[in-house]
Amino acid sequence: MVYLYLFLAAFLAFSLSAFCGGGAGLLLIPILGYSLPVNQVPAALTLGSVTSSFSRIWIFFKAIRWDMAKLFLPTAMVGVVLGVEMLSYLEPMYLELCMSIFLISNLPWLFRKQERKHAVLSPIPPWQLRMVGFLAGFISGLTGAVGVLFNRFYFRYGLDSHEIIATRAANEVLLHLIKLYLYAALGLFQLKTIGIGLIVALAAVLSSSFMKFVLPRVSRRLFMRAGYSAMVISGVLMLNSAVVHIQLANDPHLRVIFLAEELEARLTWKTLIYSVEFHYNRGLEFEKVVPLSSLSLERQHYVQSMQDGAAKVVIEKVYALTSISYEVYYFDGQNRLIKKIEFG
């Protein structure tokens, strides 16, 4: 039943992608994230995306803008290799968060009056095409999808709906093939990953055949508005997915305490603890828990000499506007505060 839901979601996502000029990958990233580990999502998604690109090239071949493709592809291939390599070092969830914010920032375009004429709004120099290609390849290598991230660029170039779908497919199919090879070389293809990728691929092919008859009935103005809508929806879904993954990975906790003479906000992030305090007499302070080893030998001996059998010692480095000091908290075996000392 889970796979049936996944197939229906993929079919709907690729159908919307054809109607909106992209976005299937970005819509599917959070959905696939519930079935696969984060680092395997790009591999499964790429398996479906490469199938979708081949089917769209076959259906809309005559609409491909080869003048764009020849500038886009060389730098895109460099970007995709770099992106896949960086996948081993960067946390995709933070990139996902940045992409979601960018996508949601397209919300104002939904309410702008669309251009009526099918024309290029302003000339685009070749170096911008090459830069867009590099960025598209890099982000695609990291996440497995680019989709509607660069739809605004295609709209600005003056392409119609068929040209956007066909040119994007031509631009991306080689990138997807490169990614499949690199993902396999990195060992990201597990049996479950391949199975889910094939389900997404089947949905992509059926969707392309279905949208062949629907797309000619869609006006350019509606196509552009749907494209911006897809960006915002993808951004909201991606933001939710990123927040969930960041929360699971770092277990953040924020606590705000109101006391008689101060206001304290304390953030716990993994094993790190950060605090911001506002004292009515001393002003704003930023605090960070630090290990004993970070202190000078003289200060280490002083802290240890004041321990007096305490079971736990917590040291905070305090940054004020005009000074830096330390606060040391001593706790007993039941985690009750015994005493607190301060020194500069």
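**Entry 1: a threonine in a helix**

I began with Thr193, which is found in helix α9, residues 191-214. Helices here are DSSP runs of H or I with at least four residues, strands are runs of E with at least two, and both are numbered from the N terminus. Before going further I noted that this is a predicted model, where local features need pLDDT of at least 70, side-chain atom pairs count only at pLDDT 80 or more, and totals for chains, interfaces and linings use all residues. Residues are numbered from 1 along each chain as its sequence is written, and side-chain values use heavy atoms, with hydrogens and water left out.

Is Thr193 buried or exposed? Thr193 counts as buried, because its relative accessibility is 0%. Buried means under 20% relative accessible area, exposed means over 50%, and partly exposed is in between (1.4 Å probe, protein chains only). I then listed what Thr193 is in contact with (heavy atoms within 4.5 Å). Leaving aside neighbours within four places in sequence, I found Leu36, Gln40, Ala43, Ala44 and Leu188.

**Entry 2: the whole protein**

I stepped back and found 11 helices and seven strands. Buried residues make up 48% of the 344 residues. Of the contacts between residues at least 6 apart in sequence, 68% join residues at least 24 apart. The protein exposes about 17,800 Å², and carbon and sulfur atoms supply 66% of that area; the areas come from the Shrake-Rupley method with a 1.4 Å probe.

**Entry 3: nonpolar cores**

Next I looked for nonpolar cores, meaning sets of buried Ala, Val, Leu, Ile, Met, Phe, Trp, Tyr and Cys residues joined through side-chain atoms within 4.5 Å. The largest has 22 residues, and Leu28, Leu32, Ile196 and Val200 have the most contacts inside it. Helices α1 (2-20), α2 (24-32), α3 (41-59), α6 (126-143) and α9 each supply at least two residues of this core. Another core, of 20 residues, lies apart from it and includes Leu110, Val132, Ala136 and Leu159.

What does Val200 touch, not counting residues up to four places away in sequence? My list for Val200 reads Ala10, Phe14, Leu28, Leu32 and Gly48.

**Entry 4: salt bridges**

I counted five salt bridges in the structure, each a side-chain nitrogen of Lys or Arg within 4 Å of a carboxyl oxygen of Asp or Glu. In one of them, Glu327 pairs with Lys340, with the closest N and O atoms 3.8 Å apart. Glu327 lies in strand β6 (residues 324-331) and Lys340 in strand β7 (residues 337-343), so this pair ties together parts that are 13 residues apart in sequence. Glu327 is buried at 1% relative accessible area, while Lys340 is partly exposed at 39%.

Lys340 also meets Glu342 in a salt bridge, at 3.4 Å from N to O.

**Entry 5: the record**

Last, I checked UniProt, where an unreviewed entry annotates "transmembrane region" for several spans, including residues 93-111 and 180-206. Such annotations may be inferred rather than shown by experiment, and their positions are given in the numbering used here, with feature names shortened. In the model, residues 93-111 are 63% helix and 0% strand, with end C-alpha atoms 30 Å apart. Residues 180-206 are 81% helix and 0% strand, with end C-alpha atoms 21 Å apart.
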